[in-house]
Amino acid sequence: MNETCFKVLKKDKKSKARLGLLSTPHGNIQTPSYVFVGTYGKFRHLTPRDIKRTKTQLVIANTFHLWEEALQGLPLQQGQSLLIKKLGLNIPTMTDSGGFQVLSLAFGDKNKIGKFMTKNIAVDNRLRKSVIHSRKNVKITQKGVYFNFKGQKMFLGPELSMKIQKKIGADIIFTFDHITSPLDSFKYNKKAVELTNKWALRCFRTNKNNNQALFGIVQGGIYKSLRIKSAKFIGSLPFDGFGIGGSYTKKQISKILKWVIPYLPEEKPRHLLGVGKVADIFEAVQNGIDTFDCVIPTREARHGRLYTKTRHIDIRKGKYIKDKKVIEKGCACQTCSNKIPRFKIRKLLTNEDRKQNATGQRYCLMHNMWFFNNLLEEIRESIQKDKFTEFKKKFLKNY
RNA sequence: GGGCGGUUGGUGGAGUAGUCAAACACACGACGCUGUAAACGUCGCGGCCGUUGGCCUUCGGGGGUGCAAAUCCCUCACCGCCCA
C-alpha cells in the first residue's frame, strides 16, 4: 500500500531495546531515533542546511497548526509535499493528528495544566475538581471535538484530521485520538479510550487508499486495564505503526510502556508521543520504543538550556559572562566545532536585538539537536554491541 | 565669581507634604518548560523575622519648619549646563 516499512535489525538480550530501520519514501531512519518537533514545518532560526548538520533523521509537524495552509492547497512541485516544501529539506516526516491540541489549547491552557501532572493541582482537591469541571469549554462527541480557540468556534475530528494530514503529506501520519488530562477519572478515561478506538477505525478507513503510513494511537491514561484494552484493540488493527500517547506523571511512563508494548506487533514501529527528557529516553528505548518526539531540545535551546553529557547548563546565567569555553569540550556540533564560546552565546541570547538573539538561538538549537541525535547514535551503538544496559547505567550515573 | 538644573535601589527612572520601601523598565538571582498559542513563563531583588504576615532602616550630608518631609526652607558636598 505504501512505501514505508520497518525492519527490526537486532534485539537487545537484557531488555526490550531494539535496533531498527524505518524506511520511508524520503529516506531511512535508524532507530531508536529522536524526532524533532517542527510544528509549523520549520525550525525557527535554522536553515535547511543547519538542520541537516544536526543529523536529524525525522521531523514531526502538526495538523492543527498547518491546518489552514494545508487546505489552501498551495501549488507544489510534482511529488513534493507541503511539509517538504516548508522544511526545504527532503527528509522523512510525520504529522501529529491535532488531538493533543484539544488538551493543550482548548482545555489545558485555560486550566494551567499540561500533559504532565503538576503537584499543586494533584494535591489540591478543590482546584482539581474545578479543573475537571471546566472542560465544558470543549465538547467532545462521536463526530469529533468542538472547542474554542482565540474566540473562534472550531471543530476537529478523525476524518478532517486525516484530510488535513493528507494535504500536508508527511510520510507517517497519526490517528486522531482523545487524550485525557492527568486528573481525569477512570470512568472518563474509559470513555476516552472507547472513543479513541472508534476514531482510530474511522481514520483507518479514511486513509485506505492513501499512500501515507498511518500509526494508531494507544490511550488509557494511567489505568492498567484501559491501557491493555486500548493496546489490544489498536494493536490488532493493521496499522503501519503505533503511537503511545497520554498524560501521566513522570514515573508512570515506563510502567505504562510495560503494560502496553506486549500487545503491539513486534515487527511494527512504536512511537512514544511527546516524551523525551534524557532519563525518559533511556526508559523508552529500554521498553522497546523505536521513535519519540519531544519539544524539549528545541524549546529549551531557545530558552537557553544547553545539554552536555554530564548536566545541562543555563547559558543565560551571569556566571557565563566571561566563560570562554565551548558549550561542551569535544562536542562535534556546529556550534562547538566552530568554537563559539559560552560568553558569546550568552551575549547573543540575552541581546534584545532580534537578529542577534536569533543567532544566539541558532547556536543553541544546533547544539541541542546535535546532542540528542548523538545520544541516540550512542544508544544505537550500545544496542549493536549488546551493551545498552551498561551504557544506560553509565550515562545516567554521570549525568 | 554669578545663574539655573539635578543628586531616589545594582542601573535607568517614577514619585514633589500623609494611602511610599519606592511605579515601570533593565540587570542580576532562583525555578520551570515533555505529541510547541512557548526567542517563553513564574518568583525574588534595602535589612531582619515566627515570611499568604510583621518589624526596622532609608530617598547625597547636616540643620530647620510642620501633627506629618524623598517632597517645603537653610546650608555643605558633588555633578551638569549657561554667563563672566
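**Entry 1**

I began with strand E2 (residues 18-24), which pairs with E3 in the antiparallel sense over 5 bridges. For the labels, I took helices (H or I, at least four residues) and strands (E, at least two) as DSSP runs, numbered from the N terminus. I called two strands paired if DSSP finds at least two bridges between them. This is a predicted model, in which local features need pLDDT of at least 70 and side-chain atom pairs count only at pLDDT 80 or more, while totals for chains, interfaces and linings use all residues. Residues are numbered from 1 along each chain as its sequence is written, and chains are lettered from A and ligands numbered from 1 in the order in which they are written.

I then looked across the pair and found serine 23 opposite asparagine 28 in E3. The open sheet here has 3 strands in the order E1-E2-E3, with antiparallel pairing. I noted that strand E1 (5-11) and strand E3 (27-31) stand at the edges with a single partner strand each, so one side of each has no neighbour in the sheet. From one strand to the next, the twist averages 15°.

What packs on this sheet? I found helix H15 (residues 354-384), which touches E1, E2 and E3, and its direction makes about 120° with that of E2. For such angles, axes are lines fitted to C-alpha atoms, for helices over the stretch in contact, and angles run from 0 to 180 degrees between N-to-C directions. By contact I mean two residues whose C-beta atoms, placed from the backbone, lie within 7 Å.

**Entry 2: the E7-E8-E9 sheet**

Next I looked up an open sheet of 3 strands in the order E7-E8-E9, again with antiparallel pairing. Strand E7 (138-140) and E9 stand at the edges, each with a single partner strand, so each has one side without a neighbour in the sheet. Neighbouring strands are turned by 25° against each other on average, direction ignored.

I took the pairs in turn. E7 and E8 run antiparallel and are joined by 3 bridges, and isoleucine 140 stands opposite valine 145 in E8. Strand E8 (residues 145-149) and strand E9 (residues 152-156) also run antiparallel, joined by 5 bridges. Phenylalanine 149 has glutamine 152 in E9 as its bridge partner. E8 and E9 make a hairpin with 2 residues between them, and lysine 150 in the turn has a positive phi of about 50°.

**Entry 3: helix pairs**

The axes of helix H2 (residues 63-72) and H7 come within 9 Å and cross at roughly 70°. H2 and H7 are therefore roughly perpendicular to each other (angles under 35 degrees count as roughly parallel, over 145 as roughly antiparallel, 65 to 115 as roughly perpendicular and the rest as oblique). Their crossing is left-handed (the near helix is turned anticlockwise from the far one by less than a right angle, and clockwise for right-handed). I listed Thr63, Leu66, Trp67, Ala70 and Leu71 of H2 against Ser161, Ile164, Gln165, Lys167 and Ile168 of H7. By class, this contact has 6 nonpolar, 3 polar and 1 charged residues (Ala, Val, Leu, Ile, Met, Phe, Trp, Tyr, Cys and Pro count as nonpolar, Asp, Glu, Lys and Arg as charged, and the others, Gly among them, as polar).

Helix H7 (residues 158-168) also packs with helix H8 (residues 186-206), at an angle of about 40° with axes 9 Å apart. That makes H7 oblique to H8, and the crossing is right-handed. The contact uses Pro158, Glu159 and Met162 of H7 and Trp199, Arg202, Cys203 and Thr206 of H8.

H8 in turn packs with helix H9 (residues 224-236) at about 5°, with axes 10 Å apart. The two are therefore roughly parallel to each other. Among the residues that meet are Asn189 and Val193 in H8 and Leu226 and Phe233 in H9.

**Entry 4: the two domains**

Last, I checked the domain assignment of chain A, which gives domain 1 (5-294) and domain 2 (304-389); such bounds come from an automatic or database domain assignment. Their centres, taken over C-alpha atoms, are 27 Å apart. The contact takes 23 residues from domain 1 and 19 residues from domain 2. On the domain 1 side, E4 gives the most, with 3 residues.
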